[in-house]
Amino acid sequence: MNLHKAIRQLYDEAVTIRGNSQDDVVVYDINYEEISITDWDSINAKITELDQADETAETNRINLKASAKAKLIAGEALTEEEADTIVL
(Lines give C-alpha, C1' and ligand atoms only; values in the text may rest on other atoms or scores of the structure.)
Protein backbone atom coordinates (compact mmCIF):
# COMPACT_ATOMS: atom_id res chain seq x y z
CA MET A 1 0.00 0.00 0.00
CA ASN A 2 1.38 3.38 -0.97
CA LEU A 3 0.37 4.99 2.35
CA HIS A 4 2.76 2.65 4.13
CA LYS A 5 5.49 3.18 1.51
CA ALA A 6 5.12 6.95 1.78
CA ILE A 7 5.41 6.89 5.55
CA ARG A 8 8.46 4.62 5.40
CA GLN A 9 10.14 6.90 2.87
CA LEU A 10 9.47 10.05 4.88
CA TYR A 11 9.99 8.65 8.39
CA ASP A 12 13.20 6.64 8.53
CA GLU A 13 12.46 5.50 12.07
CA ALA A 14 9.12 3.91 11.08
CA VAL A 15 9.29 0.13 11.52
CA THR A 16 5.69 -0.97 12.05
CA ILE A 17 2.66 0.68 10.50
CA ARG A 18 -0.90 -0.27 11.35
CA GLY A 19 -4.00 1.07 9.65
CA ASN A 20 -4.92 1.99 6.11
CA SER A 21 -6.00 5.62 6.28
CA GLN A 22 -4.98 8.89 7.84
CA ASP A 23 -7.75 8.44 10.41
CA ASP A 24 -6.56 5.09 11.77
CA VAL A 25 -2.84 4.84 10.99
CA VAL A 26 -0.45 4.27 13.88
CA VAL A 27 3.32 4.18 13.33
CA TYR A 28 5.90 2.62 15.65
CA ASP A 29 9.67 2.77 15.83
CA ILE A 30 12.07 -0.12 16.51
CA ASN A 31 11.32 0.09 20.25
CA TYR A 32 7.59 -0.12 19.51
CA GLU A 33 7.12 3.47 20.63
CA GLU A 34 4.51 5.41 18.72
CA ILE A 35 5.77 7.99 16.24
CA SER A 36 3.67 11.11 15.87
CA ILE A 37 2.71 11.72 12.25
CA THR A 38 1.91 15.39 11.69
CA ASP A 39 2.94 16.27 8.13
CA TRP A 40 0.07 14.71 6.19
CA ASP A 41 0.55 17.12 3.29
CA SER A 42 3.99 15.62 2.60
CA ILE A 43 2.65 12.09 2.99
CA ASN A 44 -0.22 12.76 0.59
CA ALA A 45 2.19 14.32 -1.93
CA LYS A 46 4.44 11.25 -1.65
CA ILE A 47 1.43 8.94 -2.14
CA THR A 48 0.54 10.85 -5.32
CA GLU A 49 4.14 10.52 -6.51
CA LEU A 50 4.17 6.77 -5.78
CA ASP A 51 0.79 6.28 -7.47
CA GLN A 52 2.04 8.07 -10.59
CA ALA A 53 5.21 5.97 -10.60
CA ASP A 54 3.10 2.80 -10.35
CA GLU A 55 0.90 3.95 -13.25
CA THR A 56 3.95 4.79 -15.37
CA ALA A 57 5.54 1.41 -14.63
CA GLU A 58 2.32 -0.39 -15.57
CA THR A 59 1.98 1.61 -18.80
CA ASN A 60 5.60 0.84 -19.68
CA ARG A 61 5.03 -2.87 -19.00
CA ILE A 62 1.93 -2.93 -21.21
CA ASN A 63 3.75 -1.09 -24.01
CA LEU A 64 6.75 -3.42 -23.77
CA LYS A 65 4.49 -6.48 -24.02
CA ALA A 66 2.71 -4.99 -27.04
CA SER A 67 6.08 -4.29 -28.70
CA ALA A 68 7.23 -7.85 -28.03
CA LYS A 69 4.01 -9.25 -29.49
CA ALA A 70 4.26 -7.10 -32.60
CA LYS A 71 7.87 -8.16 -33.15
CA LEU A 72 6.99 -11.84 -32.70
CA ILE A 73 4.20 -11.56 -35.24
CA ALA A 74 6.54 -9.77 -37.67
CA GLY A 75 9.33 -12.28 -37.07
CA GLU A 76 11.70 -9.67 -35.70
CA ALA A 77 14.23 -10.16 -32.92
CA LEU A 78 13.18 -9.15 -29.42
CA THR A 79 15.24 -7.20 -26.97
CA GLU A 80 16.07 -9.02 -23.74
CA GLU A 81 13.63 -6.77 -21.89
CA GLU A 82 10.85 -7.64 -24.34
CA ALA A 83 11.62 -11.34 -24.07
CA ASP A 84 11.42 -11.11 -20.28
CA THR A 85 7.82 -9.92 -20.53
CA ILE A 86 6.68 -13.12 -22.23
CA VAL A 87 8.77 -15.75 -20.48
CA LEU A 88 6.58 -17.74 -18.12
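## Lys46 and its surroundings

Setting aside neighbours within four places in sequence, Lys46 is in contact with Ala6, Gln9 and Leu10. Contact means that heavy atoms lie within 4.5 Å. Lys46 sits in helix 2. Its relative accessibility is 17%, so Lys46 counts as buried. The cut-offs are these: buried is under 20% relative accessible area, exposed is over 50%, and partly exposed is in between, with a 1.4 Å probe and protein chains only.

This is a predicted model, where local features need pLDDT of at least 70, side-chain atom pairs count only at pLDDT 80 or more, and totals for chains, interfaces and linings use all residues. Residues are numbered from 1 along each chain as its sequence is written, and side-chain values use heavy atoms, with hydrogens and water left out.

**The whole chain**

The protein chain has three helices and three strands. Their order from the N terminus is α-β-β-β-α-α. Helices (H or I, at least four residues) and strands (E, at least two) are DSSP runs, numbered from the N terminus.

How does the radius of gyration of the protein chain stand beside that of a compact globule of 88 residues? The globule would have a value near 12 Å, but the protein chain has 20 Å. The radius is taken over C-alpha atoms, and the globule rule is 2.2 Å times the number of residues to the power 0.38. Along its principal axes, the C-alpha trace spans about 60 × 25 × 20 Å.

Of the 88 residues, 25% count as buried. Among contacts with a separation of 6 or more, 28% come from residues 24 or more positions apart. The chain exposes about 6,300 Å², and carbon and sulfur atoms supply 49% of it. These areas come from the Shrake-Rupley method with a 1.4 Å probe; for residues, only the protein chains shown count as cover.

**Helix 1 and the sheet**

Helix 1 covers residues 2-10, and Asn2, Leu3, His4, Ala6 and Ile7 are buried there. The buried residues of helix 1 pack against strand 1, strand 2 and helix 2.

The three strands form an open sheet in the order 1-2-3, with antiparallel pairing. Strand 1 (16-18) and strand 3 (34-35) stand at the edges; each has a single partner strand, so one side of each is left without a neighbour in the sheet. Two strands pair if DSSP finds at least two bridges between them. Strand 2 (residues 26-28) pairs with strand 3 in the antiparallel sense over two bridges. Val27 stands opposite Ile35 in strand 3.

Tyr32 lies in the loop between strand 2 and strand 3. What is its phi? Tyr32 has a positive phi of about 60 degrees, although it is not a glycine. Most residues other than glycine have a negative phi.

**Partly exposed residues**

Helix 2 spans residues 40-74 and includes Asp51. Gln52 is in helix 2 too.

| Residue | Relative accessibility | Class |
|---|---|---|
| Tyr32 | 44% | partly exposed |
| Asp51 | 32% | partly exposed |
| Gln52 | 48% | partly exposed |

Asp51 and Gly19 are 32 residues apart along the chain, and 19 Å separates their C-alpha atoms. Gln52 and Ser21 are 31 residues apart along the chain; their C-alpha atoms are separated by 19 Å.
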